[in-house]
Amino acid sequence: MMQVKRALRIAPREPKVYARLSALQLALGQFTSAEQVARKGLGMAAGQADYEYFFWKLIAACRRLLDDRAGEAEAIRRARQYQ
């Protein structure tokens, strides 16, 4: 986790770093933080469909694990726009 946070300080506009940090937080059960990082990553990934898809899928997973079914469905719908 420390290496990813260091990478974020070095490359604060790199979507790949946000994707890794968000996925790591998701794996650690930090669902709310993971969603926040993924949403920030979306801002860094504008115009990069692969990353936008990935971030929306991460957000959908976070919302599912937070028992937000409507939010999950919305995130899945948004992800499909980038397939």
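Modeller: Helices here are DSSP runs (H or I, at least four residues), numbered from the N terminus. Keep in mind that this is a predicted model, where local features need pLDDT of at least 70 and side-chain atom pairs count only at pLDDT 80 or more, while totals for chains, interfaces and linings use all residues. Residues are numbered from 1 along each chain as its sequence is written, and side-chain values use heavy atoms, with hydrogens and water left out.

Biologist: Good to know. What angle do H3 and H4 pack at, and how far apart are their axes?

Modeller: The angle is about 160°, and the axes are 9 Å apart. Axes are lines fitted to C-alpha atoms, for helices over the stretch in contact, and angles run from 0 to 180 degrees between N-to-C directions.

Biologist: And which residues of H3 and H4 make the contact?

Modeller: From H3, they include Phe31, Ala38 and Leu42, and from H4 they include Phe55, Trp56 and Ile59. Contact means heavy atoms within 4.5 Å. The residues of this contact divide into ten nonpolar, one polar and four charged.

Biologist: What about the largest nonpolar core, how many residues does it have?

Modeller: The largest nonpolar core has 21 residues, and those with the most contacts inside it are Leu26, Phe55, Trp56 and Ile59. H4 gives the largest share, seven residues. Such a core is a set of buried Ala, Val, Leu, Ile, Met, Phe, Trp, Tyr and Cys residues joined through side-chain atoms within 4.5 Å.

Biologist: What does Ile59 touch, neighbours within four places in sequence aside?

Modeller: Those partners are Glu35, Ala38, Arg39, Leu42 and Ala75.

Biologist: Switching to Arg63: buried or exposed?

Modeller: Arg63, in helix H4, counts as buried at 12% relative accessibility. The cut-offs are under 20% relative accessible area for buried, over 50% for exposed and partly exposed in between (1.4 Å probe, protein chains only). Beyond its neighbours within four places in sequence, Arg63 is in contact with Glu35, Arg39, Asp68, Gly71, Glu72 and Ala75.

Biologist: One more: what is the phi of Asp67?

Modeller: Asp67 has a positive phi of about 60° although it is not a glycine. Most residues other than glycine have a negative phi. Asp67 sits in the loop between H4 and H5 and is exposed, with a relative accessible area of 58%.

Methods
Helices (H or I, at least four residues) and strands (E, at least two) are DSSP runs, numbered from the N terminus. Ala, Val, Leu, Ile, Met, Phe, Trp, Tyr, Cys and Pro count as nonpolar, Asp, Glu, Lys and Arg as charged, and the others, Gly among them, as polar.
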